[in-house]
Amino acid sequence: MRVLRTKLAPGMILEVGAVDRDGRMLIGPETVLTDRLIKVIDNAQIPILYVTDESWETHKTCPELPPLPEAQEENLRDRFMHVDLDGPFARAVYDECMNMAREDAVSAAEPTEDGAAREATP
Amino acid sequence: MRETAEQFVRGTPEIQSLPDVFRRINEVIERPNSSADEVAKVVMEDPGLSSRLLRLVNSSLFSFPGEIDTISRAIATVGTQQVRDLALATCVIEMFEDVSSEFVNMQSYWEHCIATAVCCRLLAHYREEENTERFFVAGLLHDIGSIVIYLRGGRKLKRIVTRCTRERQNLLTAERATFGFDHADVGRELLKLWGLPGALQEAVGAHHKPSRAKRFPDVANVTHVAEFLVEARDLGSNGEHRVSPVSEEAWLELGLSSDFLPLLYQDLEEQWRASLGAMIR
């Protein structure tokens, strides 16, 4: 399960190791997160982590990202029409773009201080 | 008989040479025993170049502690070869900044090229390459052939755009069908004409088919993968409406893990936004 850093909770188990900006492995896979380890991840500003599905279900404190509106998803699929998504790298990039689009959609819908919705990321 | 990519480039008068200041910077650096002060002196003869270079080295692309306020300090901090590469990047943008095209938004075009350059530099950094600025320049120049096509394409360019829209083809296929060559071939010939290093010529010429790069495959693989990542996230636009195919082999050759993607994209978008302000008006 892919989660934002801000959604981590103690007890979740890392599925993939936490890697910092310089490519250093800070916390290995299969580690059970504690408050202290979450602070390490916060300090390193690692934006996204992967935790096991079971530990997410047990410890989640917020809902997962909502799906992208159909028209936006169709648009993304159309832009990738010349890409062979059976390739593992191409698929990983496509999935990452889909996730980022979902995050963009969530932050665009979040109201700003004056109550209006944010503008989408350019 | 059909024109070749080389003839196409030679028939475009406005692009026959790089700005004189870059030629002089190159000459001083190539001269044995030349000092950093001599290089700085030549750079400072062009105030526009100096101020853009300073903006660039002070941007978050480099994140140096403290402000770099003189070209001499920039050379001492970044390195002579690296300053040459950044000067080349700056000169090329200045040379083509005011080109207008009815088919492509040039602001978006440069945004795409700068995003690819930043992405190349990040991939090179993750691979612990020595001169990451060389990769930055390869990324910046990868689509330079497209500008030559915009300058000289005329009616044929219109045909390419129509073909792309009507038949949902990608630009590359339409260019080949119309001219017999594509913007990668034109870019390679232009860099050859300018006497730029073989690694750059090869990376630009092979950025859509990196397996064609036989002498410097690393630069070509990085450029190819970087452009794919940038098109996938839709950062700027080179006129191509759809993401170009990617070579899985090129990615494997880089030896990186796709677990890096979230971090890579975060760094890319942050550094891209910072570089835009430093590099284009």
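In which sense, left-handed or right-handed, does α4(B) pass α5(B) in their crossing? The crossing is left-handed, the near helix being turned anticlockwise from the far one by less than a right angle.

The model is predicted, with local features needing pLDDT of at least 70 and side-chain atom pairs counting only at pLDDT 80 or more, whereas totals for chains, interfaces and linings use all residues. Residues are numbered from 1 along each chain as its sequence is written, with chains lettered from A and ligands numbered from 1 in the order in which they are written.

**View 1. Helices α4 and α5 of chain B.** B:Ser50, B:Leu53, B:Leu54 and B:Val57 of α4(B) meet B:Ile71, B:Ala74 and B:Val78 of α5(B), where contact requires C-beta atoms, placed from the backbone, within 7 Å.

**View 2. Helices α6 and α8 of chain B.** The axes of helix α6 (residues 80-96) and helix α8 (residues 132-141) of chain B come within 9 Å and cross at roughly 15 degrees, so that α6(B) and α8(B) are roughly parallel to each other. Their crossing is left-handed.

**View 3. The side of chain A that touches chain B.** In the contact between the chains, 22 residues of chain A face 22 residues of chain B. Helix α4 (residues 88-109) of chain A gives the most to the side of chain A that touches chain B, with 8 residues.

Methods. Two residues are in contact if their C-beta atoms, placed from the backbone, lie within 7 Å. Helices (H or I, at least four residues) and strands (E, at least two) are DSSP runs, numbered from the N terminus. Axes are lines fitted to C-alpha atoms, for helices over the stretch in contact, and angles run from 0 to 180 degrees between N-to-C directions. Angles under 35 degrees count as roughly parallel, over 145 as roughly antiparallel, 65 to 115 as roughly perpendicular and the rest as oblique.
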